[in-house]
Amino acid sequence: MLSELGARHHWLATSQPSSIEQAAGLDGIWCVPGSPYHDMDAALEMIRFARERGVTFLGSCGGFQHALIEYARNVAGLSGAEHAESSPDAELLVIEPLACSLVGAEGKIQPLPETMLAGIYGEGEHRERYHCSYGLAPGFRHLLEGGPLRACAVDGEGELRAVEMEAGPFWLATLYQPELSSPPGRPHPVIAAFVAAARAPAVHFQT
């Protein structure tokens with residue numbers, strides 16, 4: 001998939017202590033599905049690195065969830081923000097179980113007007129595939145109001161499905177997994193846009 005787009009890539013595991021030290025000079029970081037990660041703090045550190053250093057960033061599924069936790073902790077001032085999957089008894093569960101699991105699901109997503117994501121998709125209805133059971137807790141939707149992070153896609157019922165930074169380099173996180181709709185020879189437009197923004201040749205992963 002990435003090779004078809006001319007991108008060189010390699011895996012950075014959160015279990016690898018020096019992973020953040022390899023971040024210097026990265027062209028792009030994709031925080032991929034697979035949570036709970038071996039080391040949640042390492043994943044959050046890499047997401048923070050991308051956000052603060054202006055590195056092209058894509059998060060999908062677990063990457064979406066942890067991008068929201070990183071933002072809540074380090075931008076919104078909610079230092080105790082947690083994920084219900086890894087810390088179910090925490091007081092500030094920014095990421096909670098979805099009302100209906102999306103494991104194996106497919107559904108409509110609607111990019112919101114005047115967003116980067118709308119420009120990537122173009123007009124019309126789009127369908128995406130999921131493999132997740134967690135999303136932003138309803139009580140924390142206000143995190144996406146008045147700040148640099150904003151909602152950029154919802155589903156048919158208005159539930160949040162993607163977020164992006166309003167300004168600066170490409171920074172996008174989707175609850176759905178664009179890689180599940182990226183067959184050989186037909187890269188998903190989100191992935192193609194990520195690679196283009198990263199100005200290949202180097203794209204790196206965090207899991």
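Which residues does tryptophan 171 touch, not counting residues up to four places away in sequence? The first legend answers this for the predicted model.

**View 1. Surroundings of tryptophan 171 in the nonpolar core.** Tryptophan 171 is in contact with Ile47, Arg51, Phe57, Ala67, Met116, Leu149, Val163, Glu164 and Met165, leaving aside residues up to four places away in sequence. The largest nonpolar core comprises 61 residues, and those with the most contacts inside it are Leu117, Val163 and Trp171. Helix α1 (residues 40-53) supplies the largest share of this core, seven residues. In soluble globular proteins, nonpolar side chains tend to be buried together.

View 2. Strands β4 and β5 (residues 92-97) pair in the parallel sense over three bridges, and histidine 83 stands opposite isoleucine 95 in β5.

**View 3. Antiparallel partners of strand β6.** Strand β6 (residues 106-111) pairs with β7 (residues 126-129) in the antiparallel sense over four bridges. Glutamate 128 in β7 is the bridge partner of glycine 107. Strand β6 also pairs with β9 (residues 149-155), again in the antiparallel sense, over three bridges. Here glutamine 110 stands opposite valine 154 in β9.

**View 4. Aromatic pair of tyrosine 130 and tyrosine 176.** The model contains four aromatic pairs. One of them joins tyrosine 130 and tyrosine 176 edge-to-face, at 6.2 Å centre to centre and with 85° between the planes. This pair links distant parts of the chain, 46 residues apart: tyrosine 130 lies in the loop between β7 and β8 (134-136), and tyrosine 176 in the loop between β11 (171-174) and α4. Tyrosine 130 counts as buried because its relative accessibility is 4%, under the 20% cut-off. Tyrosine 176 is likewise buried, with a relative accessible area of 0%.

View 5. In helix α4 (residues 189-198), the buried residues are Val190, Ile191, Phe194, Val195 and Ala198. An α-helix has 3.6 residues a turn, so residues three or four places apart point the same way.

Notes: Residues are numbered from 1 along each chain as its sequence is written. This is a predicted model: local features need pLDDT of at least 70, side-chain atom pairs count only at pLDDT 80 or more; totals for chains, interfaces and linings use all residues. Side-chain values use heavy atoms; hydrogens and water are left out. Buried means under 20% relative accessible area, exposed over 50%, partly exposed in between (1.4 Å probe, protein chains only). Helices (H or I, at least four residues) and strands (E, at least two) are DSSP runs, numbered from the N terminus. Two strands pair if DSSP finds at least two bridges between them. Rings of Phe, Tyr and Trp (its six-membered ring) pair if their centres lie within 6.5 Å; planes under 30 degrees apart count as stacked, over 60 as edge-to-face and the rest as tilted. A nonpolar core is a set of buried Ala, Val, Leu, Ile, Met, Phe, Trp, Tyr and Cys residues joined through side-chain atoms within 4.5 Å. Contact means heavy atoms within 4.5 Å.
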